[in-house]
Amino acid sequence: MSGAGDTTPEHLTQRQRDKEARKEMDHSSNAHDATGTAAGKCPVDHSSPAPREVVPSTALPVVDMPRLKQVLSIWARPEPYLKKCRATYGSRFRVTIIPGVPLYVISAPDDVKQMFTAPRDVLHTGSSNTPIEKWTGQNGLAWLDEEEHTARRRGVMPSFRGDALKRVEQEVVRLAEQEVASWPRDRAVSVHPFAHRYTTKVILEVLFGEHRPSCEDEMFREVMKMLEFNSRPATMRPFHLLPAWKMKLTRMLRPNGVNEFLTRRDRVHRMVEAAIEERERSGESGDDLLGVMLGITDADGSTPSRTEMRDEIMTQFLAGTETTASAICWALEFLTRHPRVVERLREEIEDGTGDAYLTAVVHEVLRLGPPIQQIVPREVVKPIEIGGVRYQPGDRLWASAYLLNRDEHNYPQPDEFRPERFLGVKPASHTWIPFGGGHTRCLGDRIALVELKATLTEILTTCDVERADAEPESAHSRTVVNIPRNGARMVFRPRRKVKAGAATA
Ligand code: HEM
């Protein structure tokens, strides 16, 4: 175990390497300095790169904390835990969270880049999704790797792009108007359940488009109740893998919520299966996810099974709803502490001249409050060298969006909410990774951005928003996402009409 005061040669080498990497980054950003002078003065001879020493992953520092404490820290107080680890161990360290699994947190941009661009047969994601298997089953995109993943992703892609995206966008705007209008006014509420309701309605559009199943309303209600389980600590336990007798005992301990969750999930499964059957019988095609899946024929002539379609739909109920609801909550958490940003946003919305500032705000929200702080771990299946470290099969790489985003080398004054940093600037793909990257980059990224923009526009146009609590809300886990601890407690007041040109609160 390597603690803060560890002085093993490997540890020193690691720290030195981090330092060198930072110098190199500083150097390259200076080289693009607006004055154009730094490039001419470069003291480094790039024509002969120094030979690099490669260390095995086992030489990386190990977080010196009991496993249970680490699990609780990542669940209840992820931010101070990750920050402390980074300050103590640098940009690569091993955490002990899953027994027997060497899990390496990485946060140097070049490491993340190499991880995202590694060949598909070297790093896998499928096996790392055990924590969400209880919802998604094992036959959705999230569980697949290599050719199977490529084929399925290509197959379902049309429901996330092109005309399907345009259709979803229209519905996103309509739903934002309808849902925000229904949120309570003039009393303190946690925004999370309302935002979650909205994002789940959007997902129904992605899944079924205009071909809504006859059980739609009941399915919506059950899915919402099923997902309530995500706020319980038991959600992180892979209890579905327990032997039958232990599972029976776990279900009998009613306060843990497991029995209720499994009962509801089985109900949702039956409804989704009925929806698939109903659609098959109707013979109606469409660019919604179910319509697209029903039209897939693989090279060998096979079509996705009903279980595969069901698991794909279940995956969206989790992946597409919790994440965007979290982002909406973080957006309000940050905006209500920055009235100047709200003022500028309103000016842009009222001018109707474009959405450059709104886009920058959304990018900054996802930087400062990434709904998924740690991107799905990559399992090493063939040895790979990343950033001078040799990782072996069985190792897992856990890229930290949170640490990348809060690194002053990537973002000056990283803890401040400053949308201006993204004004006219496209976020870089290896320092801004709320949607992950590479072969498994989020499929719903464009839909999520539209949802965020539509809700913020609607809220700011129709309401004045006040914080219910003065203190900032810290991050709290909700399965694989995190949300503001109290779900972003706000008071929505009907917006006072203001004279043109007057400042708004
Ligand atoms: C702000 C909102 C969202 C965030 C922050 C987010 C984040 C992520 C992340 C980090 C991943 C894993 C990427 C990787 O492994 O590199 C992912 C995957 C995925 N997301 Fe999202 N997501 C959001 C919204 C959505 C929405 C709205 C949908 C559906 C409409 C969606 C569907 C998916 C799917 C299907 C995958 C799996 C992709 C694959 O394995 O190929 N997400 N998302």
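How far is an oxygen atom of the ligand from an N or O atom in the side chain of arginine 153? In this predicted model, the distance is 2.6 Å.

**Ligand site**

Arginine 153 belongs to a shell of 27 residues around the ligand, and it is listed with His149, Arg378, Thr440 and Cys442 as coming nearest.

| Residue | Distance to a ligand oxygen atom |
|---|---|
| Histidine 149 | 2.8 Å |
| Arginine 153 | 2.6 Å |
| Threonine 440 | 2.9 Å |

The ligand also contains an iron atom, and its only protein donor is the SG atom of Cys442, at 2.3 Å.

Which helix supplies the largest share of the shell around the ligand? H18 does, with 3 residues. Helix H6 (146–156), helix H13 (306–319), helix H14 (322–335) and H18 each contribute at least two residues to the shell. By residue class, the shell consists of 15 nonpolar, 9 polar and 3 charged residues.

**Helix H11**

Helix H11 covers residues 258–282, which makes 25 residues. After H11 comes glycine 283, which has a positive phi, near 70°.

The model has 12 aromatic pairs. In one of them, tryptophan 135 and phenylalanine 261 have ring centres 5.5 Å apart and planes at 55°. Is this pair stacked, edge-to-face or tilted? Planes under 30 degrees apart count as stacked and those over 60 as edge-to-face, so at 55° the pair is tilted. The two residues come from distant parts of the chain, 126 residues apart: tryptophan 135 lies in helix H5 (residues 133–136) and phenylalanine 261 in helix H11.

**Sheet**

An open sheet is formed by 5 strands with mixed pairing, in the order S2-S3-S9-S6-S4. Its edges are strand S2 (92–95) and strand S4 (123–124), each of which pairs on one side only. The partner of S2 is strand S3 (residues 103–106), and the two run antiparallel, paired over 4 bridges. Which residue of S3 stands opposite arginine 94? Tyrosine 104 takes that position.

Definitions and conventions: Residues are numbered from 1 along each chain as its sequence is written. This is a predicted model: local features need pLDDT of at least 70, side-chain atom pairs count only at pLDDT 80 or more; totals for chains, interfaces and linings use all residues. Side-chain values use heavy atoms; hydrogens and water are left out. Donors are N, O and S atoms within 2.8 Å of the metal (3.2 Å for Na, K and Ca); water is not among the atoms, so sites may look incomplete. A residue is near a molecule or strand if one of its heavy atoms lies within 4 Å of it. A polar contact is a pair of N or O atoms within 3.5 Å; within protein, one must be able to donate a hydrogen and the other to accept it, and residues adjacent in sequence count only if both atoms are side-chain atoms. Ala, Val, Leu, Ile, Met, Phe, Trp, Tyr, Cys and Pro count as nonpolar, Asp, Glu, Lys and Arg as charged, and the others, Gly among them, as polar. The expected span of a helix is 1.5 Å times one less than its number of residues. Two strands pair if DSSP finds at least two bridges between them. Rings of Phe, Tyr and Trp (its six-membered ring) pair if their centres lie within 6.5 Å; planes under 30 degrees apart count as stacked, over 60 as edge-to-face and the rest as tilted.
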